[in-house]
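Here's a quick briefing to read with the model open beside you.

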Amino acid sequence: MKIIRLILGKLILLLNAIFSPKPQQRAQEDQQRINQALESMALYQFETCPFCVKVRRAAKKMNLPLETVDAKQPDNEQALLNGGGKRKVPCLRIENESGEVTWMYESNDIIHYLEQRFT
Ligand SMILES: N[C@@H](CCC(=O)N[C@@H](CS)C(=O)NCC(=O)O)C(=O)O
């Protein structure tokens, strides 16, 4: 079972690399503003999780250089559990200007949020 998961994971990464989406282009100032806003966000994820790949692909298509955090690392996993309440990925950690943190689960909700905010 573990070996099948491993092979499927590698296959997902390979297909993702082959069919990588073309990033949206925008004016340099707009991109800089977006990059700055993204500094307050991080995507907690597993490298080969299909839902995480879906979010990464959407972010790439929107040209959003989103920081990714490996939720398999014990410290990160603990941060996810403490902050979001569940060991489930993908989860977008969003910190607002007052320092309040929101943990957003569900790939579709994350993609929708990024689309609403940045496109
Ligand atoms: N409906 C969720 C599914 C996410 C999901 O099932 N993630 C798996 C990894 S592929 C997970 O975190 N499983 C651990 C768990 O549920 O405890 C989404 O679209 O984000």
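What covers helix α2 on its buried side? Among the elements that do so are β1 (41-45) and α5 (107-118). Keep in mind throughout that this is a predicted model. Here's the rest, topic by topic.

**Helix α2**
- Helix α2 runs over residues 28-38, and Q31, I34, A37 and L38 are its buried residues.
- Look down the axis of α2 and these buried residues fall within an arc of 125 degrees, so they line one face of the helix.
- The general rule behind such a pattern is that an α-helix has 3.6 residues a turn, so residues three or four places apart point the same way.

**The largest pocket**
- The largest pocket has a volume of about 430 Å³.
- Its lining is made up of 14 residues, and the ones nearest the pocket centre are R5, L6, G9, T48 and K72.
- Which helix gives the most to this lining? That's α1 (residues 2-18), with seven residues.
- Sorted by class, the lining of the largest pocket comes out as six nonpolar, two polar and six charged residues.

**The second largest pocket**
- The second largest pocket holds about 160 Å³ of space.
- A37, S40, I94, E95, N96, E97, E100, T102 and R117 line the second largest pocket.
- By class, the lining of the second largest pocket has two nonpolar, three polar and four charged residues.

**What the record says**
- UniProt, in an unreviewed entry, places the feature "domain: GST N-terminal" at residues 39-119.
- In the model, residues 39-119 are 43% helix and 23% strand, and the end C-alpha atoms of the span lie 17 Å apart.

**A look at N16**
- N16 sits in helix α1, the helix that gives the most to the lining of the largest pocket.
- Is N16 buried or exposed? Its relative accessibility is 17%, and buried means under 20%, so N16 counts as buried.
- Leaving out residues up to four places away in sequence, N16 touches V53, R56 and R57.

How values were computed
Residues are numbered from 1 along each chain as its sequence is written. This is a predicted model: local features need pLDDT of at least 70, side-chain atom pairs count only at pLDDT 80 or more; totals for chains, interfaces and linings use all residues. Side-chain values use heavy atoms; hydrogens and water are left out. Buried means under 20% relative accessible area, exposed over 50%, partly exposed in between (1.4 Å probe, protein chains only). Helices (H or I, at least four residues) and strands (E, at least two) are DSSP runs, numbered from the N terminus. The arc is that of the directions from the helix axis to the C-beta atoms. Contact means heavy atoms within 4.5 Å. On a 1 Å grid over the protein atoms alone, a cavity is a set of points where a 1.4 Å probe fits but cannot get out, and a pocket is an open set with protein on both sides within 12 Å along at least five of seven lines; lining residues have an atom within 4 Å of a point. Grid points are joined across faces, edges and corners, and a volume is the space filled by probe spheres set on the points. Ala, Val, Leu, Ile, Met, Phe, Trp, Tyr, Cys and Pro count as nonpolar, Asp, Glu, Lys and Arg as charged, and the others, Gly among them, as polar. UniProt positions are given in the numbering used here, feature names are shortened, and annotations may be inferred rather than shown by experiment.
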